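Please read the following report alongside the sequence and the coordinates. The account moves from the whole chain to a single sheet, and then to the packing around that sheet.

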Amino acid sequence: MSNSQLTAGIVAGRTDAEALASNFSDLHPPLDNHEARVAADRCYFCHDAPCVTACPTSIDIPLFIRQISTGTPEAAARTIFDSNILGGMCARVCPTENLCEGSCVRETAEGKPVEIGLLQRHATDTLMAKQSHPYTRAALTGRSVAVVGAGPAGLSAAHRLALKGHEVTIYDARRKPGGLNEYGIASYKAPDDFAQKEVAWLMQISGITMVENWMLGRKGDGDLAELLAEYDAVFLGMGLSGVNALRLEGEEKDGILPATDFIADLRQASDLAALPIGRDVVVIGGGMTAVDAAVQAKLLGALNVTIVYRRSRAEMPASSFEQDLALSKGVRIIEHAAPVGIIGNGAVREIEFAYTKAGPNGLEMTDETFRLKADQCFKAIGQTLGDTPEEIKIAGGKIITDGIGRTSMARVWAGGDCTHAGEDLTVTAVAQGRDAAEDIHSFLMEG
């Protein structure tokens, strides 16, 4: 190994292959059959269970846990997939501490919830390992739907529409489907190429055609009017392709890039030892993306990694579990600070911050500043919607939809992070894609 944590600059090979394999191994190893039965026995099988209410896809959690406890994990998986076709990925990436497990009666009474996420993974993995698809398409309807975006919302909508007997074509701007699940989450949350395995399993429903490297509105591809001329309905689930800027002089310097780009490059890297990382890394932001970028930078061998957030830790969008994970890996979190300057000649060398405080008009900068060394600076202060058709009503930088995903344009639905109802969560996007598909089906069958 030619480099180490102490090597200056942005270099590859800061740690050896054995350490990298350990660092990026499964964050939550799966339960075996015995462990799953023991974990399932802790469930009270509540009537009007609060965990179900807390789940954006409304999975019948007590039912699937009871099915595990009786030794039928395949039946449990079917219960999960009926509500959430991407239940395998959601079991890995959902902030369960804020959702189902955070609402668990055991959590309230004992401070230790039923391990719903791990139990969900046990069930879904068991069924998916059989390499068979549990669903059969309805009779063909002769109707067709275009889905723009192969992320969680698009995949969920496409599967439900295909299940109903419609012909579906998914158009995606990237070379691989999966969206956020493939390009936007930490590698240790879904190792072993799980995102692609899940897509392949989902596609077994048949009736779905995938078109990759196709962007809505890009010259040579197609626009919304063309899709509406060819298909009976269109679902938009393209996520957020832009990244908010720091709006600081020098933001174009080498070493400053979106955290999403870093995570995507890491997820697609065939050799992590060849991926360059800085010695001193600063991540600006407080959400899941900031934590994923910071932790992975540390796991790649960066010496000093610091997350800087403008408000308090309690106000960080990242869950307390994610924050604690970052701290456990050696990431430093500085709260109540915002960037005010970028220092460096051609490449970033330091980031200057000012401490913040709450004022009568909101967050205010103080006169007290400090600097952090930075070979690399990852921006994780939110994403923005890319180019959208002029006919679609936009507000606050997001597509406006009603409660079932209808946009301002006839025969066009939308869901996921590109909409005002998006929450930057895989599970929420899945729910919105599913619900929009149900409404599209009703619309098509009425026509």
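## Overall dimensions

The model is predicted, and its protein chain contains 16 helices and 19 strands. The radius of gyration of the chain is 23 Å, close to the 22 Å that the globule rule gives for 447 residues, so the chain is as compact as a globular protein of that length. Along the principal axes, the C-alpha atoms fill a box of roughly 65 × 55 × 50 Å.

Of the 447 residues in the protein chain, 55% are buried. When contacts with a separation of 6 or more are considered, 69% of them are accounted for by residues 24 or more positions apart.

Five strands form an open sheet in the order 4-3-2-5-19, and their pairing is parallel. Its edges are strand 4 (208–211) and strand 19 (412–414), each of which pairs on one side only, and the twist from one strand to the next averages 20°.

Strand 5, which covers residues 233–236, is joined to strand 19 by three bridges, the two strands running parallel. In this pairing Val234 stands opposite Val412 of strand 19, while Leu236 stands opposite Ala414 of strand 19. Strand 5 is also joined to strand 2 by four bridges, again in a parallel arrangement, and here Ala146 stands opposite Val234 of strand 5.

Helix 16, made up of residues 426–446, lies across strand 2 (144–148), strand 5 and strand 19, and runs at about 170° to strand 5. Helix 16 has 21 residues and reaches 31 Å from its first C-alpha to its last, which is close to the 30 Å expected at 1.5 Å a residue. Helix 16 is mostly covered, with 15 of its 21 residues buried.

## Nonpolar cores

The largest nonpolar core has 66 residues, and those with the most contacts inside this core are Ile61, Phe64, Ile65 and Leu119. If its neighbours within four places in sequence are left aside, Ile65 is in contact with Ala40, Cys43, Phe45, Val114, Ile116 and Leu119.

## Gly362

Gly362 is found in strand 14, which spans residues 362–373. Gly362 and Ala8 are 354 residues apart along the chain, and their C-alpha atoms are separated by 39 Å.

Notes:
Residues numbered from 1 in each chain as written. Predicted model: local features only at pLDDT ≥ 70, side-chain atom pairs only at ≥ 80, totals over all residues. Heavy atoms only, no water. Pairing = 2+ DSSP bridges. Axes fitted to C-alpha atoms, helices over the stretch in contact; angles between N-to-C directions. Contact = heavy atoms within 4.5 Å. Expected span 1.5 Å × (residues − 1). Buried < 20%, exposed > 50% of the residue type's maximum accessible area, 1.4 Å probe, protein only. Core = buried A, V, L, I, M, F, W, Y, C linked by side-chain atoms within 4.5 Å. Rg over C-alpha atoms; globule rule 2.2 N^0.38 Å.
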